[in-house]
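Hi,

Here is the model I promised to pass on. Have a look at it first, and my notes follow below.

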There are 2 protein chains.
Amino acid sequence: MKEHPTPTDAELDILSVLWEHGPGTVRQIHAHLPDDPPRGYTTILKLLQIMSEKGLVRRNERERAHVYRAAVDADSVRGRMVKHLLTRAFDNSTSKLVMQALTSRRTSRAEIAEIRRLLDKMEGSSR
Amino acid sequence: MKEHPTPTDAELDILSVLWEHGPGTVRQIHAHLPDDPPRGYTTILKLLQIMSEKGLVRRNERERAHVYRAAVDADSVRGRMVKHLLTRAFDNSTSKLVMQALTSRRTSRAEIAEIRRLLDKMEGSSR
DNA sequence: AACTTTCTACGAACACCTTCGTAGATATCC
DNA sequence: GGATATCTACGAAGGTGTTCGTAGAAAGTT
């Protein structure tokens, strides 16, 4: 699970379903997608075919209704997306991005504490 | 500086120049853009025209060579991009995003300290 | 067996982004 | 003044992403 392109918007929607619900047929995946925006069955089929070629999903053709599963894990994709944003808009400064994230939306005390723990761990290990 | 679409990749390149160097003509902006990828003069002109329509930049037509300036500020755009990433890939969890950002790329001690200060300030004010 | 449903494959349409060539206006230079 | 340079406007092309209709194969129904 390493070399793969960054998924597009529609592709990410599908991956999210696979990450949450595990492998499934086109019909199952289509059913789990949000109703908004409405998307036809064949739209999802087509997307999955494309994603297969890109290596974002793999499929098992044993059954008539092929079963698709994610070929990339969520963290890897999220990491890529963060890195992309970092280079495109934050001059590769992690702290700038973190600041922006923390200030742009209310963060609960629990979340703050969680982040603090991570910072402690990072400083501890790099010491 | 509020309602505006998220800039595309090429548009963000141009905005970055405007944010860093201030207003300028097409020629000046074109000169400040990175050489890679190479982009023709009229490409930038066209982009600026489109960005004008979208409200991302404003232009002064006093001189023959129109002068463009950013109509959106960097923080606002960055905030939007972060929010977009947050909703698309992080289930609106700021802490998840922050974790991902902190672990996906080495963060210097100075940056960590800076983030810590921000956390202190946030907790202090929300207390 | 005929009909209906469910599936894949494929092509085409549409929208958006990016690129640049060309045309025509305006300024500058010799 | 005529050639050259610089500017804007515009159209069109090429790429990518997304959508869905249609066709044809396979399974299920009566």
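Let me start with the surface near DNA strand C: by class it has six nonpolar, eight polar and eight charged residues. Here Ala, Val, Leu, Ile, Met, Phe, Trp, Tyr, Cys and Pro count as nonpolar, Asp, Glu, Lys and Arg as charged, and the others, Gly among them, as polar. Before you dig in, note that this is a predicted model, where local features need pLDDT of at least 70, side-chain atom pairs count only at pLDDT 80 or more, and totals for chains, interfaces and linings use all residues. Residues are numbered from 1 along each chain as its sequence is written, while chains are lettered from A and ligands numbered from 1 in the order in which they are written.

Two or more residues each come from α2 (26–32) and α3 (41–54) of chain A, and from α1 (9–21) and α3 (41–54) of chain B. Helices (H or I, at least four residues) and strands (E, at least two) are DSSP runs, numbered from the N terminus.

How are the two protein chains related? Chain A superposes on chain B by a rotation of 179 degrees with 0.0 Å of shift along the axis, RMSD 0.1 Å (least squares on the C-alpha atoms of residues with pLDDT of at least 70 in both). That is the relation of a two-fold axis. V98(A) is the residue of chain A that comes closest to the axis, with its C-alpha at 2.8 Å.

The contact takes 31 residues from chain A and 31 residues from chain B, contact being C-beta atoms, placed from the backbone, within 7 Å. On the chain A side, α4 (74–89), α5 (94–104) and α6 (109–126) each supply at least two residues. That side divides into 17 nonpolar, six polar and eight charged residues. The copies meet through the same surface, because 100% of the interface residues of chain A are also interface residues in chain B.

One helix pair to look at is α5(A) with α5(B): their axes are 10 Å apart, at an angle of about 180 degrees (axes are lines fitted to C-alpha atoms, for helices over the stretch in contact, and angles run from 0 to 180 degrees between N-to-C directions). The residues involved include L97(A) and V98(A) of α5(A) and L97(B) and V98(B) of α5(B). This contact has eight nonpolar, two polar and no charged residues.

Cheers

Notes. Contact = placed C-beta atoms within 7 Å.
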